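These are my notebook entries on one structure. I list what I looked up, entry by entry.

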Amino acid sequence: MSDSSLTDDSPGAAPTAMRRILPADLVERGGCPFDPPPGLRARRGRAPVQPLHLLNGAQAWLVTGFDEARAVLSDARFSADRIRHREATSLQPHEVAEQAAGTLKPGPAVETREDGFFVFMDPPEHTRIRRLLTGQFTVRRMRELESRVTEIAVEHIEAMKAAGTRADLVTAFALPLPSLIICELLGVDYADRAEFQERTSVGLNANSTAEERAVAGAELYAFMQRLVAAKRAEPADDLLSGLVHDADPPLTDAQLVDVALVLLGAGHETTANMLGLGALALLEHPGQLAALRADPSLVDNAVEELLRYLSIIQLGVSRVTTEPVTLDGVDLPAGATVVIATPEVNRDPRHWPDADLFDVHRPRVPHLAFGHGVHQCLGQQLARVEMQAGLRELITRLPGLRLAVPVEQVPLRDEMLIFGVHSLPVAWA
């Protein structure tokens, strides 16, 4: 999951800082929009735990192996807490020098976290909020959403067809589908979607200035404060109302706002980009698309393969060691930053034969598109439902779907924390 940055001092600023401080060849995809960045591909075949030299002068460690990544994400000695632990990607050059000299001040001695950014917490603080959310992401609620997801997908495809024979698949389909669903799930008025989408986009853009992110974050925070207040006054049958009124012990308004910001941002950005980039991958692999059209029952399998093959999280999550740890024979000191190279991890040749091939018939095996361990994506089943229904309806209702421009003209989201396409011009019939 990903949260919206509020300021450069907030936990959400760490991923943005990481995107800016990494060598370009590790985050910019280059010629092929589906392959890991060239800098990651060049590291393939080396040790699965490698030194990573950052542009601020600090050293971190890059994990490119599947088993090693799972080990990091399931080991409590690797912390996700961005308040208590200083991450190398967030250091200024003078702080890197202080760290080398042993004079860098440690993170604040916070006794209890009072925010709600649970994706940047460790147990037991993370456990408490995660348990509350798990109680809201019930099987009943997810099952009820399946038919609604299909209904929304059909509505948008039929609207595209009624408007002509060309469309931007991102704005007409890939973005509104998960946006509508997360709005309904949280109890957000869909008429307000443009506001939160625009503010979230600023926070996820590595080229945004600190001032731009601060302004966008403050506006998004105020928006969510109003929503929490409305749910306190008039609760409804939605997830946010449940968190407001059913949590025991109750969450503060500040915690509720933070949690809602995480869910709202993660609930539309990631799936929207998977739908857009996934559609492009199918259109650029006509043999695989033909296989799906011949046997739509393969869609569920195709979704898992797309999640593995595309890995839209730019590079991946990071952790900080809380004590000395040995990982695959590499001795990491306490305070070391470890970055999971998700696009490369999901193509580890030790786990997937012909890992660079997109194959909808590939047997399903675990991947790390949704993470692993206690921080594994809370909304992964919803994301799967959205992708399965969305792609199934596109394939069956638009049999002549094709790119309307050369693939080289499709604008990629290289500057964003969540990779994908900014637009996807398509035609049919």
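Entry 1, a histidine. I looked up His126 and found it in helix H5, residues 125-136. Helices here are DSSP runs of H or I with at least four residues, strands are E runs of at least two, and both are numbered from the N terminus. The model is predicted, so I took local features only at pLDDT of at least 70 and side-chain atom pairs only at pLDDT 80 or more, while totals for chains, interfaces and linings use all residues. Residues are numbered from 1 along each chain as its sequence is written, and side-chain values use heavy atoms, with hydrogens and water left out.

Is His126 buried or exposed? His126 counts as buried because its relative accessibility is 2%; buried means under 20% relative accessible area, exposed over 50%, and partly exposed in between, with a 1.4 Å probe and protein chains only. Not counting residues up to four places away in sequence, His126 touches Phe118, Met121, Val374 and His375 (contact: heavy atoms within 4.5 Å).

I then followed Leu424: leaving aside neighbours within four places in sequence, its contacts include Ala167, Gly276, Leu280, Leu403 and Val410.

Entry 3, a sheet. I found an open sheet of 3 strands in the order E4-E10-E9, with antiparallel pairing. Its edge strands, each pairing on one side only, are E4 (166-168) and E9 (402-403). Strands count as paired if DSSP finds at least two bridges between them; E9 and E10 (residues 425-427) are joined by 2 bridges. In this pair Leu403 stands opposite Val426 of E10.

Most residues other than glycine have a negative phi, and most peptide bonds are trans. I listed departures from this. The Pro123 to Pro124 peptide bond is cis, with omega near 5°, and Pro124 is in the loop between helix H4 (93-101) and H5. The Asp248 to Pro249 bond is cis too, with omega near 0°; Pro249 sits in the loop between helix H11 (239-246) and H12.

Asp328 has a positive phi, near 50°. Asp328 lies in the loop between strand E6 (325-327) and strand E7 (330-332), and counts as partly exposed because its relative accessibility is 43%. Ala429, in the segment after E10, has a positive phi near 65°. At 80% relative accessibility, Ala429 counts as exposed.

How many cavities of 30 Å³ or more does a search of the whole structure find? I noted 4. A cavity is a set of points, on a 1 Å grid over the protein atoms alone, where a 1.4 Å probe fits but cannot get out; lining residues have an atom within 4 Å of a point. The second largest cavity has a volume of about 80 Å³, a volume being the space filled by probe spheres set on the points, which are joined across faces, edges and corners. Its lining includes Asn301, Glu304, Arg308, Trp352 and His367.

How values were computed:
On a 1 Å grid over the protein atoms alone, a cavity is a set of points where a 1.4 Å probe fits but cannot get out, and a pocket is an open set with protein on both sides within 12 Å along at least five of seven lines; lining residues have an atom within 4 Å of a point.
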